[in-house]
Every structure is written in C-alpha cells, then in structure tokens.
Amino acid sequence: MATSANYRVMSGMRPTGALHLGHYHGVLKNWVRLQNEYECFFSIVDWHALTTEYETPGAIERNVWEMIIDWLAVGINPGAAKLYIQSRIPEHAELHLLLSMLTPQSWLERVPSYKEQQERLHEKDLTTYGFLGYPLLQTADIIIFKASYVPVGEDQVAHVEMAREVARRFNYLYGRDPGFESKAERAARKMGKKNNKLYFELLNKYQEQGDAQALEKARALVEAQQNISISDRERLVGYLEGGGKMIFPEPRALLTEAPKMPGTDGQKMSKSYNNTISLREPSARVEDKVRTMPTDPARIRRKDPGDPEKCPVWDLHKVYSDESLKDWVQQGCRSAGIGCLDCKKPLIEAIIREQAPIRERAEDYINDPETVRAIINEGCETARDVARETLTEVREAMGLDYA
Ligand code: TRP
Ligand code: SF4
C-alpha cells in the first residue's frame, strides 16, 4: 500500500538569525509534526538570503548556525528529517541553471513577490538577475528532491505554483525519451500479470473516456509497487497521461493553518518590523515586551470597557489560551472587570513556560557545536546523494551525459 511515508516533503527557510514565536507557531510546529509522517528535507537556504543580502553577506554564516540551533531546540529531529544547507549541495545551482534555459522570463516577472519585495526593500538594489531568479532557485530546491508536498505559508503559494509549472514544462520537453512506449510496456510487465492487465484497463478508461477516477486508481496502483525501480514508476505514471517519463512530480503546497501571531506592536510578528519575541528571549524581556504591548486603543482608563477584537493581545490569547481563559478575557475586558495587565499576565506565563524546554535544549547544542556540525554534515550528505541522482537523470534527459 502507498503510505504517506512514500511521499517527500521539502521546505526551506532563509537564515535570518534567531527565530521568533511567529516562526514557531506558524511553521516549525508543523514541521515537527510532518517529520513523523513523511520523508522530510528541510533546507537552510543561504543562497536565497544572498539574493537580498549580497552587499553585506557577513552575517549569513552566523545566522545559519543560530537558526539550526533553534530548529533543533524546538524538536526538529535529525533522525527523522534531513537538515542541510542549500549551498552545500552544488547540484541545486546546476539544476537552477538548466531550468533557467526553459523558463520564460515572463513567468519570473509576473510572480507577485518580485515587485512587492523590490518595493518593500527599496533601500536595496534588487534589480539583479539573481533576485529575479529567486523563485526558480526555489523551484530547484523543491524538485531536486522530487518533493510531493511543500509546507509553506500563503505568501509562498505562487512560488510553489511556479515549481509545478516548471516541472510540467520540463517533463513535457524532456520526458519523452526514444522508445518510451516499449519501455513503459516493459515496466508494466514487471508489476506482474494481474497488475499489468489492470494498469492497461485503467489507462484505456482514462485515455479513451477521460475517466479521472481511473487515472487516480492507476496512479495508486503504480505507487503501491514496491518491486519496481523509481525510474520505472515514473515512466508508468508519465505514460498514463500520454507523456513519456515523469521526471519531476508536480509539487503541491501544504498550506499551514496557523493563527495570526501578533508582534509586540500589534502588526504581524516579523523581523523586519522589529516587533518579535525570539524563541530564546530572556524571561524578563518577554515580560517587558508583553506588558508594553498596545491594547484596544479605546480602553484608555482601567474602568473603560474594551473589545478584544480590537486588541492584539487577544490574538495572543487565541494562540495560547484554553476556552475558559478566553471566556475570562472576553467577559473581563468587555465589562472592565479585568485590567490589561491582568489580561497579559497568563500570556507572559504561557510564553515563558513554552520557552523553558526550548532554551534548555538550545543551551545543550550551543555547548556542543561539534554535534551540530555533525548533524548538518550528515544531512548534507544524504541530501546530496539524492540531488546527485536527480541530476544524473536530468542530464540524461537533456542529452548532456557525455559518457
Ligand atoms: N522563499 C521561501 C521563504 O521566503 C524560502 C524557501 C526557499 C523555500 N526555498 C524553499 C520554501 C523551498 C519552501 C521550499 O520563506
Ligand atoms: Fe486587550 Fe485584554 Fe486589555 Fe481587553 S483586557 S483590551 S483583550 S489586553
């Protein structure tokens, strides 16, 4: 049976240094869950950092190690997921270059983040070739591992969409190796007599009657085969859709549903707004930051009733508090029964409680840099093996294997 363990998950994060609560609740908790369900590749995308930090790359290295420590401290388990640094896998660069040959420039120009980021970071000159290529580099990250799923936030969906389009275009251009029909037929026979027959029945149903269910069934049949090679499996899936070999599966975004994490000024928590509470923020500073958070602006005096819907502190309660505590806030705020500092107190406690084990684990890793390096070396090696295999296939498909 095809279990989810057969599917790969890939995601990446730019090394921005110590991570904050927004990263934790928005992304990392989800990764920790996924690592037990799928084969996961988590990348520290230092080249992506360079697309905007190329003038001052000095901080990237330190940020990389800080971020790795935070990943490990929140429970990303190197025994389950592969953790690696993008630039340590030069095959990414090769794939990016090869993909650039077949990617229309307009696809890159129309990605919404391109103009948005240029405007947002207007103090930087982002009219570079590398910055334009940002989503294509991301495409290479994803498809080099033939990932099926990419856990990301809403802002990255357009990038994953781009990866799907590029994968499709690649398959279309280079997936039809000569004699793919007879190769597919040979591969189908390897599934055994019964499955071979079923495969062609389903294939005909799909191709002649457009029966989408038959296509799904046939795909599941192929994916459930343990005793045929990956390359045969891809050939059989590609053949179903009338193409040749499906070299790159089309990845899908796994949208992470997370409540909004407000920063200390009420806007979304983000390093660029300077409103973060970091994962390893000293407790006294957590207290300070929450105590000075803005509240419902209409609640000027203690005796004024407030409206939690107009207060960023309420957003924090949505992340941290159970129903009875939330009821207490709603009633107390609307009736002026509680003061804002009362309201914030359980949040301060909750954040400090959440951070204690994270801080402790981080300390262990900070005191043992050898182990951290060994974890990354191992992740890089495993990731690189997979990337090498993909590139061998890619070169072959594009006619670049001068053996
Ligand atoms: N662009 C992503 C971000 O800014 C980071 C990223 C790079 C990424 N490569 C990736 C995310 C591959 C998912 C998969 O958040
Ligand atoms: Fe916000 Fe709580 Fe104050 Fe109401 S009581 S305004 S929810 S901080």
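**View 1. Helix α17 and the negative patch in the predicted model.** In this predicted model, helix α17, which spans residues 340-366, supplies the largest share of a patch of negative charge, namely 3 residues. The patch lies on the surface and is formed by Glu 360, Glu 363, Asp 364, Asp 368 and Glu 370.

**View 2. Glu 370, a member of the negative patch.** Glu 370, which belongs to the surface patch of negative charge, is located in helix α18, a helix that covers residues 369-397. Glu 370 has a relative accessibility of 63% and is therefore classed as exposed, since the cut-off for that class is over 50%.

**View 3. Asp 304 and its surroundings.** Asp 304 sits in the loop that links α14 (283-291) with α15 (312-320). Because its relative accessible area is 14%, and buried means under 20%, Asp 304 counts as buried. When neighbours within four places in sequence are set aside, the contacts of Asp 304 are with Ala 298, Arg 299 and Ala 336.

**View 4. The protein chain as the setting for the close-ups.** The protein chain contains 18 helices and 5 strands, and its C-alpha atoms fill a box of roughly 80 × 45 × 45 Å along the principal axes. Of the 403 residues in the protein chain, 49% are buried, and among contacts with a separation of 6 or more, 77% join residues 24 or more positions apart. The chain carries 54 positive and 60 negative charges, whose mean positions are 3 Å apart.

Technical notes:
Residues are numbered from 1 along each chain as its sequence is written. Chains are lettered from A and ligands numbered from 1 in the order in which they are written. This is a predicted model: local features need pLDDT of at least 70, side-chain atom pairs count only at pLDDT 80 or more; totals for chains, interfaces and linings use all residues. Side-chain values use heavy atoms; hydrogens and water are left out. Patches are made of residues with over 30% relative accessible area and no salt bridge: like charges are joined within 9 Å, nonpolar side chains (Val, Leu, Ile, Met, Phe, Trp, Tyr) within 5 Å. Accessible areas come from the Shrake-Rupley method with a 1.4 Å probe; for residues, only the protein chains shown count as cover. A salt bridge is a side-chain nitrogen of Lys or Arg within 4 Å of a carboxyl oxygen of Asp or Glu. Lys and Arg count as positive and Asp and Glu as negative; His and the chain ends are not counted. The place of a charge is taken as NZ of Lys, CZ of Arg, CG of Asp or CD of Glu. Helices (H or I, at least four residues) and strands (E, at least two) are DSSP runs, numbered from the N terminus. Buried means under 20% relative accessible area, exposed over 50%, partly exposed in between (1.4 Å probe, protein chains only). Contact means heavy atoms within 4.5 Å.
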